[in-house]
Amino acid sequence: MPKETKQYCYDCKKEIKIEGKDIKNGVLLEYEDKDEKIKILKCNECFEKNPALTNFRECEVYSRIVGYIRPVKQWHIGKRQEFKDRKEYKIKVDANNKLNK
Ligand SMILES: [Zn+2]
C-alpha cells in the first residue's frame with residue numbers, strides 16, 4: 001500500500017490513518033475469491049458493527065413480469081418504475097397455515 005495515497009473505510013468512507021505498516025484506526029481485511037484477491041479497510045467502529053465484507057458485488061434482483069421471472073435490470077424503464085411502486089405485504093398465518101383474522 002503506497003504511503004501517500006489516502007485510504008478510506010469501506011463502509012463509512014472515513015479516512016483510515018496509516019503510518020508505515022501501522023493501521024491507526026482500522027483493520028485490513030483480505031479475501032480470496034477464485035483467483036481474485038480482495039483487500040479492504042474498515043475503520044474500528046464499522047469493523048465492530050460488522051466485520052464481514054458486504055455490498056461488494058451488485059445483487060441481481062429477479063421478479064415476475066408478464067408471467068416470466070426476469071432480472072429487473074433488464075426490464076423496460078416503465079416496468080422498472082412499476083417495480084419500484086410495488087408494495088410487499090406479508091400474509092399472517094398460524095402454525096397450521098391458516099389465515100389469521
Ligand atoms: Zn467506517
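# Chatting through a predicted zinc-site model

Me: Starting with R86, what's its relative accessible area?
Reply: R86 comes out at 34%, so it counts as partly exposed. Keep in mind that this is a predicted model.

Me: OK, and which side chain does R86 meet in a salt bridge?
Reply: That's E82, with 2.8 Å from N to O. E82 is partly exposed too, at 31% relative accessibility.

Me: Why can side chains pair up like that?
Reply: Side chains of opposite charge can pair when their charged atoms come close.

Me: How many salt bridges are there?
Reply: The count comes to 8 salt bridges. Among them is the one between D11 and K42, where the closest N and O atoms are 3.0 Å apart.

Me: Where do D11 and K42 lie?
Reply: D11 is in the loop between β1 and β2, while K42 is in strand β6, so the pair ties together parts that are 31 residues apart in sequence.

Me: And what are their relative accessibilities?
Reply: D11 is at 33%, which counts as partly exposed. K42 is at 0%, so it counts as buried.

Me: Which residue forms a salt bridge with E60?
Reply: K73 does, and their closest N and O atoms are 3.7 Å apart. This pair links distant parts of the chain: E60 sits in the loop between α1 and β7, and K73 in the loop between β8 and α2, 13 residues apart. E60 is partly exposed at 39%, and K73 is exposed at 52%.

Me: Which residues are linked in a network of salt bridges?
Reply: E19, D22 and K24 are.

Me: Switching to the metal now. What are the protein donors of the zinc ion?
Reply: They're the SG atoms of C9, C12, C43 and C46, and they lie 2.2 to 2.3 Å from the zinc ion. Along the chain, the donors follow the spacing C-x2-C-x30-C-x2-C.

Me: What do C12 and C43 tie together?
Reply: C12 lies in the loop between β1 and β2, and C43 lies in strand β6, so the pair ties together parts that are 31 residues apart in sequence.

Me: Is C43 buried or exposed?
Reply: C43 counts as buried, at 1% relative accessibility. C12 has a relative accessible area of 39%, so that cysteine is partly exposed.

Me: What arrangement do the 4 donor atoms make around the zinc ion?
Reply: A tetrahedral one, because the angles they subtend are 102 to 114°. For four donors to count as tetrahedral, all angles have to lie between 85 and 135 degrees.

Me: Which charged end sits over the ring of Y10?
Reply: The charged end of K13, 5.2 Å from the ring's centre.

Me: Last topic. In what sense do strands β7 and β8 pair?
Reply: Antiparallel, over 4 bridges, with β7 covering residues 62–65 and β8 residues 68–71. I65 stands opposite Y68 in β8.

Me: What phi does V66 take in that hairpin?
Reply: A positive one, near 35°. The hairpin has 2 residues between the strands.

Methods
Residues are numbered from 1 along each chain as its sequence is written. This is a predicted model: local features need pLDDT of at least 70, side-chain atom pairs count only at pLDDT 80 or more; totals for chains, interfaces and linings use all residues. Side-chain values use heavy atoms; hydrogens and water are left out. Donors are N, O and S atoms within 2.8 Å of the metal (3.2 Å for Na, K and Ca); water is not among the atoms, so sites may look incomplete. Four donors count as tetrahedral if all angles lie between 85 and 135 degrees; four count as square planar and six as octahedral if opposite donors are over 155 degrees apart and all others between 65 and 115; anything else is irregular. Buried means under 20% relative accessible area, exposed over 50%, partly exposed in between (1.4 Å probe, protein chains only). A charge sits over a ring if NZ of Lys or CZ of Arg is within 6 Å of the ring centre and within 35 degrees of the ring normal. Two strands pair if DSSP finds at least two bridges between them. A salt bridge is a side-chain nitrogen of Lys or Arg within 4 Å of a carboxyl oxygen of Asp or Glu.
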